[in-house]
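Load the coordinates and follow along.

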Amino acid sequence: MRRAPGLTALFTAAFAAAGWHAAVSPLGDNSLFWHIRTGRWMLDHGIPRHDVYSFTAPGVSWVSQSWLAELAYGVIDSAFGPFGIRVVMAITGAAIAAVAFRLALDASGGRAGVERVSAVLLAAVAVSASLSNWSSRPLLQGALAFLALVWLVELADSRLGRHVGVGIPVVMWLWANAHGSFALGFAYLGLHLMGRWADGAPPWKGREWVIARAALVAVVACLVNPYGIGILTFPIELLGRGEVLRSVIEWRSPDFRSAQGVTFGAWLSVFIACTALGRNRLSRRDLVVAVPFLMLALWAQRNITVAPLVTLPMAVRAVAGGRSEATDNPRLASERLTGSQGLAHWSIALLLVLLVGSWTATARREPDFDSSSYPVKAMRFLETEDLLGQRMLTEDWSAGYVILRWWPRQKVFIDDRYEMYPLGIISDYEELLRGGKNWRKVLDEHDIGIVVWRAREILPRLMEGDADWVVLYQDRTTVVYARTAL
């Protein structure tokens with residue numbers, strides 16, 4: 001009879017199931033919308049080199065830094081439809097949660113007793129904090145790549161850790177071509193080497209020398225892409241627009257009154273407690289790595305996706321104890337299962353399979369796109385009235401929906417590709433957002449004929465009663481203005 005799965009396997013499966021459930025939700029991220037459209041565009045036209053979605057920046061050079069992920073989305077969408085992309089996101093979420101648990105377990109040095117309990121509890125808090133910031137877009141694939149990199153570096157004795165010289169360049173190449181967060185991976189490697197040097201292991205000796213060489217090889221490997229050095233300089237150029245990023249929610253500090261802030265606050269508290277009260281002191285290396293990444297998460301909430309995962313093995317090591325007999329023989333626990341225990345384990349495994357199947361079946365019956373927060377009715381009204389194709393102004397967050405659903409018939413004023421748009425266009429958009437005194441001038445200079453905006457924002461209130469504009473459509477959330485001369 002096949003041996004029943006042990007507790008380690010069951011916990012791994014439980015974490016995977018939780019990650020699957022968290023990531024199989026309908027696709028609603030505004031960035032993902034234009035990522036999918038770009039993937040479709042690639043299948044017909046190849047790698048994009050300039051903007052094709054806006055009427056304000058036509059022909060402007062564009063480095064589509066997630067080209068590899070976008071191409072994958074295009075292929076999957078073409079073969080399986082949007083639900084295929086949801087399944088890919090679910091697989092990614094399951095892998096992140098399961099790998100995070102196994103990373104914690106192996107970092108604790110044990111697979112039974114107190115070590116397994118601490119790994120379960122700490123991984124649960126860390127993954128909860130990370131998934132509070134999950135959204136269906138390439139950032140999720142970036143988080144998985146980061147976790148793979150952490151595994152390679154942290155677990156030197158693992159099968160993958162023994163091949164760090166090959167693993168790092170492969171992971172970093174895939175990551176660099178899937179999402180701009182790859183810069184955090186190089187930062188992590190640099191901090192690791194600095195920390196190990198502080199611990200007495202210089203980067204020109206032993207395993208640190210292997211990691212340093214692998215990082216250099218990774219930099220060279222990352223140049224092999226359709227945009228050359230443009231992929232590597234993308235994060236620098238984006239961060240160079242700090243004034244622009246201040247208005248983007250995910251680049252703001254976390255709100256500790258939100259669910260996201262609460263879960264990250266919980267992890268921060270747990271991490272501090274483990275390091276302060278645990279039986280083992282953090283090494284200099286751990287401090288050199290942990291402090292900057294926790295600060296990054298406090299600086300910009302988008303970094304909450306990875307900060308708990310990076311610091312998880314450090315918290316686990318801080319509270320880890322000695323090795324037990326079961327630790328030395330990971331299969332021992334499952335071999336000692338009684339008949340009733342084995343039956344219980346098989347029952348739990350079957351329950352997890354049924355849960356995942358049920359969640360997937362439910363997801364299959366749902367719409368693949370969650371457009372509930374977008375101006376769907378307003379756009380349908382404009383389509384019915386044959387008004388699409390005008391120089392239309394929408395908010396940046398809703399432009400992704402317009403690109404996915406209505407491009408190329410309808411182009412946008414601006415979307416959230418802030419690294420690409422000329423600063424003048426961004427400045428004009430911010431003037432409209434804050435209802436500045438030059439709002440009429442901006443609309444006139446760009447010859448805007450249609451404005452689709454949230455009804456309760458400043459701009460519609462300023463346009464109300466203006467002789468040059470008339471309301472064409474309005475519902476509880478959205479108002480559509482058109483020029484009277486249209």
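## Sheet, helix pairs and a loop residue

L393 stands opposite V451 in β2. Please keep in mind throughout that this is a predicted model.

That pair belongs to the link between β1 and strand β2 (residues 450-454), which run parallel and are joined by 2 bridges. Strands of a sheet pair through backbone hydrogen bonds, either parallel or antiparallel. Here the sheet is open, has 4 strands in the order β1-β2-β4-β3, and shows mixed pairing. Its edge strands are β1 (392-393) and β3 (469-474), each pairing on one side only. On the β3 side, 5 bridges connect β3 to strand β4 (residues 478-483), and these two run antiparallel. A hairpin of 3 residues leads from β3 to β4.

Now for the helices. Two packed helices are described by the angle between their axes and the distance between the axes. Two pairs are set out below.

| Helix pair | Axes come within | Crossing angle |
|---|---|---|
| α4 (residues 82-108) and α6 (residues 138-154) | 9 Å | roughly 25° |
| α12 (residues 259-277) and α13 | 12 Å | roughly 160° |

With an angle under 35 degrees counting as roughly parallel, α4 and α6 are therefore roughly parallel to each other. The crossing of α4 past α6 is left-handed. On the α4 side, the residues in contact include V88, M89, I96, V99 and L103, while those of α6 include L140, L144, L147 and W151. By class, this contact of α4 with α6 has 13 nonpolar, 3 polar and 3 charged residues.

For the other pair, the angle of roughly 160° is over 145 degrees, so α12 is roughly antiparallel to α13. The crossing of α12 and α13 is left-handed. F264, L268 and F271 of α12 make the contact with A290, L294, A297 and L298 of α13. That contact of α12 with α13 is made up of 7 nonpolar residues, with no polar and no charged ones.

A last stop is the loop between α13 (284-299) and α14 (307-319), where Q301 is found. Is Q301 buried or exposed? Its relative accessible area is 12%, and with under 20% as the cut-off, Q301 therefore counts as buried. Leaving aside neighbours within four places in sequence, Q301 is in contact with N133, I249, E250, R252, S253, P254 and Q260.

Note on methods. Residues numbered from 1 in each chain as written. Predicted model: local features only at pLDDT ≥ 70, side-chain atom pairs only at ≥ 80, totals over all residues. Heavy atoms only, no water. Axes fitted to C-alpha atoms, helices over the stretch in contact; angles between N-to-C directions. Parallel < 35°, antiparallel > 145°, perpendicular 65-115°, else oblique. Left-handed = near helix turned anticlockwise from the far one by under 90°. Contact = heavy atoms within 4.5 Å. Nonpolar A, V, L, I, M, F, W, Y, C, P; charged D, E, K, R; others polar. Pairing = 2+ DSSP bridges. Buried < 20%, exposed > 50% of the residue type's maximum accessible area, 1.4 Å probe, protein only.
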